[in-house]
Amino acid sequence: MASTSFIIVAIDGGAASGKSTSSRTLSEQFNLLHVDTGSFYRAVTAEFLRRGISPGDLAAVQAAVAGLDLGTRIVGRSAQMEIGGRVVPEAEIRSREVNDHVSHFAALPEVRTALLAYQRHQAEVARAGGFRGLVMEGRDIGSVIFPNATFRFFLHADPQERARRRAREGGNDSIAERDRLDSSRKTAPLACPDGAISIDTTHLSLAEVVDTMAVPISARLAS
Ligand code: CDP
């Protein structure tokens, strides 16, 4: 008999490592809510920049995070963050200014703590929405947000290949600099957590990356 239990799939990795495309595909394949936590950090960054707050002004950051009114809207199979009832438009969260600032805000423990419960709450959002589980992508999902996730994957790829992928997507983003900041910060740095399944995507097609993750997920759901 097929399992009816709710599953959590955590996918971590550096910029342009293949997380987003493969998470979206798995979400379609297994009816999982897709949660891109990078988009949450980007939305909060866009909001802070809109209010003129800089990552160096800790008092202003603290006051702003305390007053954040966060909600979630499900669009298709994806969870989108609402701030004060508004979803920050995609063009804004992928802007040059946000690319340049997001890792600085994301390094602040105040910001990470404020988003911790919100991210864990996405499991309730997925249950309430009738999903089979959720697939959450980010930098610290398997290490901090859901260390007991049903599956924890860590994607990595050679930096040149990742830069080529981002350029093909039309990005103008300094991914090497963001990776440096994300890997060296004190709170929840980007790293492959113990026990996670590490996948080198440098020479793999999207279909091969997805299959590597889909095979154990299918087996689990069929058991
Ligand atoms: O799309 P890309 O992989 O380039 O980045 P993203 O997933 O949109 O994440 C943008 C930034 O948010 C990262 O560079 C991190 O600084 C931060 N982030 C984080 O600190 N923790 C997460 N769980 C997700 C993103």
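A few ground rules first. Residues are numbered from 1 along each chain as its sequence is written, and side-chain values use heavy atoms, with hydrogens and water left out. As this is a predicted model, local features need pLDDT of at least 70 and side-chain atom pairs count only at pLDDT 80 or more, while totals for chains, interfaces and linings use all residues.

Let's begin with empty space. Rolling a probe the size of a water molecule over the atoms shows where such space is left. A pocket here is an open set of points on a 1 Å grid over the protein atoms alone, where a 1.4 Å probe fits, with protein on both sides within 12 Å along at least five of seven lines; its lining residues have an atom within 4 Å of a point. The largest pocket has a volume of about 830 Å³, a volume being the space filled by probe spheres set on the points, which are joined across faces, edges and corners.

To find this largest pocket on your screen, look for A16, K19, S20, R94 and R166, which lie nearest its centre among the 41 lining residues. At least two lining residues each come from α1 (19-30), α2 (37-50), α5 (96-106), β6 (133-138), α8 (159-168), α9 (175-184) and α10 (206-222). These names follow DSSP runs, numbered from the N terminus: helices are H or I with at least four residues, strands E with at least two. Helix α2 gives the largest share, five residues. By class, the lining has 18 charged, 15 polar and eight nonpolar residues. Here Asp, Glu, Lys and Arg count as charged, Ala, Val, Leu, Ile, Met, Phe, Trp, Tyr, Cys and Pro as nonpolar, and the others, Gly among them, as polar.

The second largest pocket has a volume of about 210 Å³. Of its 14 lining residues, S39, A79, Q80, E90 and I93 lie nearest the centre. Two or more residues each are given by β2 (32-36), α2, β4 (78-83) and α4 (90-93), and the largest share, four residues, comes from β4. This lining divides into six nonpolar, four polar and four charged residues.

Now follow α2 to a helix neighbour. The axes of α2 and α6 (residues 109-128) come within 11 Å and cross at roughly 135°; axes are lines fitted to C-alpha atoms, for helices over the stretch in contact, and angles run from 0 to 180 degrees between N-to-C directions. The two helices are therefore oblique to each other, the term for angles that are not under 35 degrees (roughly parallel), over 145 (roughly antiparallel) or 65 to 115 (roughly perpendicular). T37, F40, Y41, V44 and F48 of α2 make the contact with V111, R112, L115, Y118, Q119 and Q122 of α6, where contact means heavy atoms within 4.5 Å. Seven of these residues are nonpolar, three polar and one charged.

Helix α6 also meets α3 (residues 58-66), with axes that come within 9 Å and cross at roughly 10°, so α3 is roughly parallel to α6. Here L58, V61, Q62 and V65 of α3 touch E110, V111 and A114 of α6.

Finally, the axes of α5 and α9 come within 9 Å and cross at roughly 10°, which makes α5 roughly parallel to α9.
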